Amino acid sequence: MQNESTLFEKIGGMPAVDAAVEIFYTKVLADDRISHFFRWTHMKSQHGKQKAFLAYAFGAPLKYSGKSMSDAHKHLLAIGLSEVHFDAVMHHLLSTLRDLEVAEALI
């Protein structure tokens with residue numbers, strides 16, 4: 001068995017990231033507290049960006065060339081994005097990882 005050293009490898013690599021993004025956005029878009037922030041978002045493109053970001057954040061051996069978090073969300077601050085919304089997004093990310101049975105120690 002190969003030594004799994006990165007979080008990306010421990011959670012199951014790209015198949016796990018792909019599944020997480022699909023589940024995550026299903027939850028986000030069903031949540032009236034935050035779904036309006038995605039009203040004009042091209043979701044296929046958004047899924048790709050989120051997969052690249054999460055893979056990179058989890059330690060995948062790839063380069064992330066997307067915007068910084070602050071730059072990517074700057075326009076949303078102008079329409080009311082706040083800590084309440086961040087908390088809702090984090091709740092959905094955590095519940096998604098639990099749905100995928102990622103170990104609590106890794107979460």
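## Starting at Met14

Met14 is found in helix H2; helices here are DSSP runs (H or I, at least four residues), numbered from the N terminus. This is a predicted model, in which local features need pLDDT of at least 70 and side-chain atom pairs count only at pLDDT 80 or more, while totals for chains, interfaces and linings use all residues. Residues are numbered from 1 along each chain as its sequence is written, and side-chain values use heavy atoms, with hydrogens and water left out.

At 29% relative accessibility, Met14 counts as partly exposed. On that scale, buried means under 20% relative accessible area, exposed means over 50%, and partly exposed is in between (1.4 Å probe, protein chains only). Setting aside neighbours within four places in sequence, Met14 is in contact with Phe8, Lys51 and Ala55, where contact means heavy atoms within 4.5 Å.

## The nonpolar core

Which residues have the most contacts inside the largest nonpolar core? They are Phe8, Ile11, Val17, Tyr25, Val28, Phe38 and Phe58, and the core has 21 residues. A nonpolar core, by the way, is a set of buried Ala, Val, Leu, Ile, Met, Phe, Trp, Tyr and Cys residues joined through side-chain atoms within 4.5 Å. At least two residues of this core come from each of helices H1 (7–11), H2 (13–29), H3 (43–57) and H5 (83–99). H2 gives the most, with six residues.

Beyond its neighbours within four places in sequence, Phe8 is in contact with Gly13, Met14, Val17, Ala55, Phe58, Gly59, Ala60 and Pro61.

## An aromatic cluster

Searching the whole structure turns up four aromatic pairs. Rings of Phe, Tyr and Trp (its six-membered ring) pair if their centres lie within 6.5 Å; planes under 30 degrees apart count as stacked, over 60 as edge-to-face and the rest as tilted. Phe24 and Tyr25 have ring centres 4.9 Å apart and planes at 65°, so this pair is edge-to-face. Phe24 is buried, with a relative accessible area of 5%, and Tyr25 is buried as well, at 3%.

Tyr25 also pairs edge-to-face with Phe38, at 5.8 Å centre to centre and 75° between the planes. This pair links distant parts of the chain: Tyr25 sits in helix H2 and Phe38 in the loop between H2 and H3, 13 residues apart. Phe38 is buried, and so is Tyr25. Put together, Phe24, Tyr25 and Phe38 form one aromatic cluster.

## H2 against H3

The axes of H2 and H3 come within 9 Å and cross at roughly 130°; axes are lines fitted to C-alpha atoms, for helices over the stretch in contact, and angles run from 0 to 180 degrees between N-to-C directions. That makes H2 oblique to H3, given that angles under 35 degrees count as roughly parallel, over 145 as roughly antiparallel, 65 to 115 as roughly perpendicular and the rest as oblique. On the H2 side, the contact is made by Met14, Val17, Asp18, Val21, Glu22, Phe24, Tyr25 and Leu29, and on the H3 side by Met43, Gln46, His47, Gln50, Lys51, Leu54 and Ala55.

Is Gln50 buried or exposed? Gln50 is buried, with a relative accessible area of 16%. Its place is in helix H3, and, apart from neighbours within four places in sequence, Gln50 is in contact with Val21, Phe24 and Tyr25.

## H2 against H5

H2 and H5 have axes that come within 9 Å and cross at roughly 135°, and they are therefore oblique to each other. Here Ala20, Ile23, Phe24, Lys27 and Val28 in H2 meet Val89, His92, Leu93, Ser95, Thr96 and Asp99 in H5.

Asp31 is in the loop between H2 and H3. Asp31 is buried, with a relative accessible area of 8%, and, leaving aside neighbours within four places in sequence, Asp31 is in contact with Ala88 and His92.

## After H5

Glu101 lies in the segment after H5 and counts as exposed, at 72% relative accessibility. Its phi is near 60°, a positive value in a residue other than glycine. Most residues other than glycine have a negative phi.
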